[in-house]
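Student: I have a new model to read. Where do I begin?
Tutor: Let us look at it together.

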Amino acid sequence: MLRLIAKRLAAAVVIVLVLTAVLFLLQHTSTADPVRAMLGANASQAAVAAKRAELGLDDPISVQYWHYVTGLLHGDLGTSYRTRREVSADIGDFLPATVELAFYGLLLAVVLGVLFAVATTLRWPGARVFRFVLMAGAAAPVFMLGIGGIILFYKTLGWLPATGRTSLPDAPTGPTGLLTLDAVLHGRVDVLGDALQHLVLPALAVAIGPAVAIGRVLQTSLGTTLRTDYTRTARAKGLAETAVLRRHVLRNSLGPALSMTGLQVGLMFAGVLVVELLFSWPGLGQYTAQSIPVDDFPAIAGVMLLLGVAYVLINAVVDLLQAAADPRIEA
């Protein structure tokens, strides 16, 4: 296992370095002038030249890349042209909302995917209806799911709120920035209930597509494992089908589903950024959308680097979980 961990971490480092190189080259091929963006269009040529020298933009590109990477290691993502603040500070303000939405979206995706696979495999009553609803939802784009949810559950039925993280003016803002967790830490049941209500629609919009992908892979894996000799032996001993599934089948079927979950994380991040705009969710999607029109490349690159690193690390963790579920993978 230690050898596998070392290999996965080394691969993650290489991928992150390649990602930093791509972002660095994109920044240098961009038509936006960072110095003009920082000083304003009316800055004098002398001021622009002095600032360019101060920022090291006159250095060879290899030296600039070295400074860029070493700055990243110290948490320096640059300064936003729009907010005039450190990008790391801006991300620190917007990240908790995105993490909370992504976490609940992934949790819903896994739960729905497992229900999809198990209900279909064991042919539970209503499994076909459940499968049809999920498949129909997965066929629609994320933004269409979000709009449909707003129209049905907010506008028509009035069951759920449509925008924001909470409707309570005195909701806690710390210490974690994760509203549901902060509500628990402060003992605010009202805030917790309100925050969960605001999470339902955006989390479902993000989760349905990945849930179907995870569920279909798990269903296929379960079907294959159920036809193995050791499963037939377990049935011959008189075990109920649910007991066979729980004790002998599920663990041996998790590998492909875990792999698919890791792949879906990247798609989920893209979906989260779109959903945040639709539901006025104050996360990284809003921050990125506000940065694009003004060519705020440090902010955009900072968000992309963060999401890329998160994607790489999550897939590394998924690989380790696969090895834990099936030790044969380590070889």
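Tutor: A cavity is a set of grid points where a 1.4 Å probe fits but cannot get out, and its lining residues have an atom within 4 Å of a point. Keep in mind that this is a predicted model.

Student: What does rolling a probe show?
Tutor: Rolling a probe the size of a water molecule over the atoms shows where empty space is left. Here the count is two cavities of 30 Å³ or more. The second largest cavity holds about 30 Å³ of space.

Student: Which residues line the second largest cavity?
Tutor: Its lining is P161, A162, T163, G164, H198, P202, F279 and W281. By class, five of these are nonpolar, three polar and none charged.

Student: At what angle do helix α5 and helix α12 pack?
Tutor: Helix α5 (residues 87-122) meets helix α12 (residues 284-291) at about 135 degrees, and their axes are 7 Å apart. The two helices are therefore oblique to each other. On α5, the contact uses V87, D90, I91, F94, L95 and T98; on α12, L284, G285 and Y287. Six of the contact residues are nonpolar, two polar and one charged.

Student: And helix α7 with helix α9: is the crossing left-handed or right-handed?
Tutor: The crossing of α7 and α9 is right-handed. Helix α7 covers residues 142-156 and helix α9 residues 189-226; the angle is about 145 degrees, with the axes 9 Å apart. From α7 come V142, L145, G146, G149, I150 and F153, and from α9 L201, A205 and I208. This contact has seven nonpolar residues, two polar and no charged ones.

Terms used: Residues numbered from 1 in each chain as written. Predicted model: local features only at pLDDT ≥ 70, side-chain atom pairs only at ≥ 80, totals over all residues. Heavy atoms only, no water. 1 Å grid on protein atoms, 1.4 Å probe; cavity = no way out; pocket = protein on both sides within 12 Å on 5 of 7 lines; lining within 4 Å. Points joined across faces, edges and corners; volume = space filled by probe spheres on them. Nonpolar A, V, L, I, M, F, W, Y, C, P; charged D, E, K, R; others polar. Axes fitted to C-alpha atoms, helices over the stretch in contact; angles between N-to-C directions. Helix = DSSP H or I, 4+ residues; strand = E, 2+ residues; numbered from the N terminus. Left-handed = near helix turned anticlockwise from the far one by under 90°. Contact = heavy atoms within 4.5 Å. Parallel < 35°, antiparallel > 145°, perpendicular 65-115°, else oblique.
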